[in-house]
Amino acid sequence: MSVRHGLLALLSQAPSYGYQLKIEFERRTGDSWPVNVGQVYNTLDRLERDGLVAKGETDGDGHVFYAITDAGRAEARSWLEGPVVRSAAARDELAVKLALAVTLPDVDPEAIIHAQRVATIRSLQELTRSKAAGGDPDSPEEFAWQLVVDALIFQAEAEVRWLEHSEARIRRLRARAVAGGAAGGTTMSTPRTAPAELPAGLPAATSTASAR
């Protein structure tokens, strides 16, 4: 999502000035994406340049109202109705780091996986506690915030599953190399030390269904 499309969606409801749009954008996304007013006005300038919004009236306090154009309304509708396309080339820092780690002779990828799993499970627990401590889910702001928290929880769960999957593949590859002396293309080192246990209270699995 871009701030650009978010502002167009808001302006499709009624003309607004910059600070109004900032407040509404944050409120309607559960304060999960804070924006500064300078970013809002820079985006409005670009939208005006592209013919998607037009400046309208100025009120007694000097606020300049922006109104969406027909072209802007069409773009907002296209964004809202269309799917979000996740590029296959999107860079995931964790995946890139682990991919590099398995090719480096002096790096233990299992230690990287362990450290990341601990951090991700901690984040998952914090998100679950935060959701449980939330306010009235019937209020629009709280409901919007919980939708975002749900997405973060599912992403964290998926990351832990991917880490466990990657760890299992690395161990199988090492076992084959030891058993058969397979040449392979990897230079993964054997673990120098056994990874530390998970901190007390952190689950070994990813299921948080009961928490939700």
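Residues are numbered from 1 along each chain as its sequence is written. In this predicted model, local features need pLDDT of at least 70 and side-chain atom pairs count only at pLDDT 80 or more, while totals for chains, interfaces and linings use all residues, and side-chain values use heavy atoms, with hydrogens and water left out.

**Exercise 1.** Check whether the span of helix α3 agrees with its number of residues.

*Solution.* The expected span is 1.5 Å times one less than the number of residues. Helix α3 (residues 37-49) has 13 residues and should therefore span 18 Å, which agrees with the 18 Å between its end C-alpha atoms.

**Exercise 2.** Which residues of α3 are buried, and against which elements do they pack?

*Solution.* With buried meaning under 20% relative accessible area (1.4 Å probe, protein chains only), the buried residues of α3 are Val40, Thr43, Leu44 and Leu47. Viewed down the helix axis, these residues fall within an arc of 105 degrees (taken from the directions from the axis to the C-beta atoms), so they line one face of α3. They pack against α1 (3-11), α2 (18-28), β1 (53-58) and β2 (64-68), where contact means heavy atoms within 4.5 Å.

Note on methods
Helices (H or I, at least four residues) and strands (E, at least two) are DSSP runs, numbered from the N terminus. Buried means under 20% relative accessible area, exposed over 50%, partly exposed in between (1.4 Å probe, protein chains only).
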